[in-house]
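This briefing goes with the sequence and structure shown below. It covers confidence, the contact between the chains, and selected local features.

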Amino acid sequence: MSGLEDLYREIILDHYRSPRNRGELPAPPARRTEGFNPLCGDEIVVYVDLDDPSKGDAATITDIKIGGQGCSISQASASMMSAAVKGHTLAEIEALTREFKAMMSIHESTLEGEADAIDDTGSADSNGSGVPALGDLEALRGVVKFPVRIKCATLSWNTLAQALDESDQESDATA
Amino acid sequence: MTDTTHTHTLDTTRVKADFPLLASRGDLTYLDSAASAQKPRVVIDTMSEFYETTYANVARGVYGIAEEATNRVEAARAKVARFIGAPSADEIVFTKNATEGLNLVAQSWGRANLRPGDAVLLTEMEHHANIVPWQILAGQLGLEIRWIPVGDDGLLRLDDLDRLLDGVRVLGVSAMSNVLGTLNPVTDLAAAAHAAGAIVSVDACQFVPHNQTDVVAMGADFISFSGHKMLGPTGVGVLWGRAELLEAMPPFLGGGGMIEHVTVEGFSSAPSPHKFEAGTPPIVEIVGLGAAIDYLEDLGMDRVREHEVTLTAYALRTLGSRFGDSLRIHGPSEPAQRGGVFSLALDDLHPHDVSQVLDTRGVCVRAGHHCAKPLMKVLGVGATARASVYVYNDESDIDALADALAEAQRFFAL
């Protein structure tokens with residue numbers, strides 16, 4: 001059994017207790033997307049404002065707010081995500097999402113072993129590409145040791161991806 | 001051998017020793033019997049022994065062990081009938097679980113008897129298994145679904161029952177809530193429903209394992225429950241239905257075992273209950289369920305219920321005095337009105353976080369919406385952490401739960 005401290009790192013508890021970018025944005029113009037974890041009933045609402053949607057991947061998230069309710073892992077992950085993506089382009093966010101999901105992915109070879117055995121996907125913070133660093137999000141690495149909680153960590157990311165994916169103003173996502 | 005040879009209360013130390021998992025995992029505090037119960041040695045051994053000595057398909061072969069296997073299944077059917085006070089073993093349909101029984105009622109009785117615009121009355125505390133089958137049928141036939149509300153005290157609000165029942169053809173009600181523990185007044189509800197011209201389908205999944213059951217006294221038309229919540233194996237459930245209703249109903253699943261005759265033009269059905277048991281049944285599981293019933297009858301269902309009332313009172317008292325307002329226990333406050341199911345809200349902590357801390361102490365509870373999302377909405381929560389007790393639990397398990405909850409409070413220190 002892994003220790004609680006592996007899961008609930010101090011930075012996670014900090015984001016849980018003091019969530020960043022909590023609230024709503026008027027939608028429209030903001031995109032509003034709901035995500036559900038059917039397993040536990042958690043739901044999350046992501047509001048995003050883009051500077052200019054017509055710019056496609058080059059559009060920038062100018063503001064993001066998080067609503068809904070969930071456990072400390074889903075709330076902290078959403079809070080960290082909101083802080084990480086604000087001010088970045090959709091292309092950069094897509095790269096960050098890929099990196100985060102890779103960190104959260106669980107392979108058969110690591111099911112029994114330590115999460116640390118997962119290859120580091122390579123930090124993108126110093127390559128000058130503009131892709132935001134995982135930074136605080138690294139703290140969620142320990143979640144992989146608790147497989148049932150992985151969906152808690154990825155719920156907000158899937159919801160954001162859905163929000164950015166589509167042109168509809170209203171939509172639902174499922175973890 | 002039930003009554004006089006035992007002391008008045010359950011000897012939980014002895015009971016616990018009958019359960020190999022609990023005996024070998026002294027580090028665990030198992031408080032998730034409302035999801036599934038642990039199995040006594042006698043159930044496991046009976047099933048192994050059956051596989052090793054008697055196993056064959058049933059109702060087919062004329063050779064010795066096939067006949068014996070058939071006899072064992074039919075003996076289990078008779079045992080189930082006696083256990084719930086059913087007038088006849090022919091009224092016992094083996095399903096794979098309670099969910100299948102509830103779906104069978106909706107799709108077989110419902111499709112044959114309901115018309116567009118008919119109303120179905122459910123309660124807000126139903127499990128999805130007694131909601132979604134009716135929603136599916138409502139989509140197929142165009143039915144109206146109404147709801148009996150749940151009050152803050154965890155009890156059904158029945159002041160408006162007559163109006164709600166007007167024009168209703170089916171009442172679907174849980175005998176005991178899997179979230180609140182509430183014991184619903186099924187007998188009264190059934191009488192009112194019958195007076196209004198409705199039939200009654202009861203989800204007795206949480207009730208039958210914990211209470212002396214008398215289907216005749218209950219007055220319902222259909223009662224569904226699962227084997228695995230009553231110390232039996234997974235994969236077997238029971239639907240009891242009144243004989244005249246079962247006889248008139250069309251089959252649910254088609255296949256082998258449920259027919260009387262088949263030609264290229266069509267088929268005729270076997271009589272109930274076999275009409276509703278298409279395909280090879282869960283033979284060994286049925287035999288295992290029979291062993292579980294023997295075990296429960298040995299303990300005595302009156303004593304099981306009494307033990308749980310005592311334990312419920314202890315839990316409500318202990319948790320209440322230790323945590324005060326920081327712990328909310330959903331459901332009725334009076335032990336006589338409820339079973340040993342405790343849905344907890346600790347401060348503002350999320351149930352998943354609470355149960356994660358509990359897990360580090362070996363305390364097994366269920367966190368989530370418990371397949372009762374409409375009820376979660378009524379309670380104003382997304383989920384709860386639920387502890388539930390059974391014959392092998394005692395005060396020490398409640399104390400372990402309380403200690404672990406205190407640890408969760410300390411860990412998150414919000």
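This is a predicted model. Within residues 1-7 of chain B, pLDDT stays under 50, and the model has 6 contacts beyond four places in sequence for that stretch. Chain B as a whole has a mean pLDDT of 95, with 98% of its residues at 70 or more. For the complex, the predictor gives an ipTM of 0.73 and a pTM of 0.88.

**Contact between the chains**

- Chain A puts 14 residues into the contact, and chain B puts in 15 residues.
- On the side of chain A that touches chain B, helix H1 (4-7) and strand S2 (42-50) of chain A are the elements that give two or more residues.
- By residue class, that side of chain A holds 7 nonpolar, 4 polar and 3 charged residues.

**Chain A: overall make-up**

- Chain A contains 6 helices and 4 strands.
- Read from the N terminus, the order of elements in chain A is α-α-β-β-β-α-α-α-α-β.
- Of the 175 residues in chain A, 41% are buried.
- Among contacts in chain A with a separation of 6 or more, 71% are between residues 24 or more positions apart.

**Chain A: two cis peptide bonds**

- Most peptide bonds are trans.
- The bond from A:Ala27 to A:Pro28 is cis, with omega near -10°.
- The bond that joins A:Pro28 and A:Pro29 is also cis, and its omega is about 15°.
- A:Pro28 sits in the loop between helix H2 (10-17) and strand S1 (31-37) of chain A, and A:Pro29 is placed in the loop between H2 and S1 of chain A.

- Strand S6 (residues 199-203) of chain B is mostly covered, with 5 of its 5 residues buried.
- B:Ile199, B:Ser201 and B:Asp203 point one way from S6(B), while B:Val200 and B:Val202 point the other way; residues on both sides are buried.
- Strand S5 (residues 168-174) of chain B runs parallel to S6(B) and is joined to it by 5 bridges.
- At one position of this pairing, B:Ser174 has B:Asp203 in S6(B) as its bridge partner.
- S5(B), helix H8 (residues 186-195) of chain B and S6(B) form a β-α-β unit that is right-handed.
- S6(B) also pairs in the parallel sense with strand S7 (residues 222-226) of chain B, over 3 bridges.
- In that pairing, B:Ser201 has B:Phe222 in S7(B) as its bridge partner.

- Most residues other than glycine have a negative phi.
- B:Asp347 is not a glycine, yet its phi is positive at about 45°.
- B:Asp347 lies in the loop between strand S12 (341-346) and helix H13 (351-360) of chain B.
- B:Asp347 counts as partly exposed because 16 other C-beta atoms lie within 10 Å, and a buried residue would need 20 or more.
- B:Cys371 likewise has a positive phi, near 55°.
- B:Cys371 belongs to the loop between strand S14 (366-368) and helix H14 (373-379) of chain B.
- With 18 other C-beta atoms within 10 Å, B:Cys371 is partly exposed.

Conventions:
Residues numbered from 1 in each chain as written. Chains lettered and ligands numbered in written order. Predicted model: local features only at pLDDT ≥ 70, side-chain atom pairs only at ≥ 80, totals over all residues. Contact = placed C-beta atoms within 7 Å. Nonpolar A, V, L, I, M, F, W, Y, C, P; charged D, E, K, R; others polar. pLDDT = per-residue confidence, 0-100. Buried ≥ 20, exposed ≤ 12 C-beta atoms within 10 Å, placed from the backbone. Pairing = 2+ DSSP bridges. Right-handed = clockwise from strand over helix to strand, strands pointing away.
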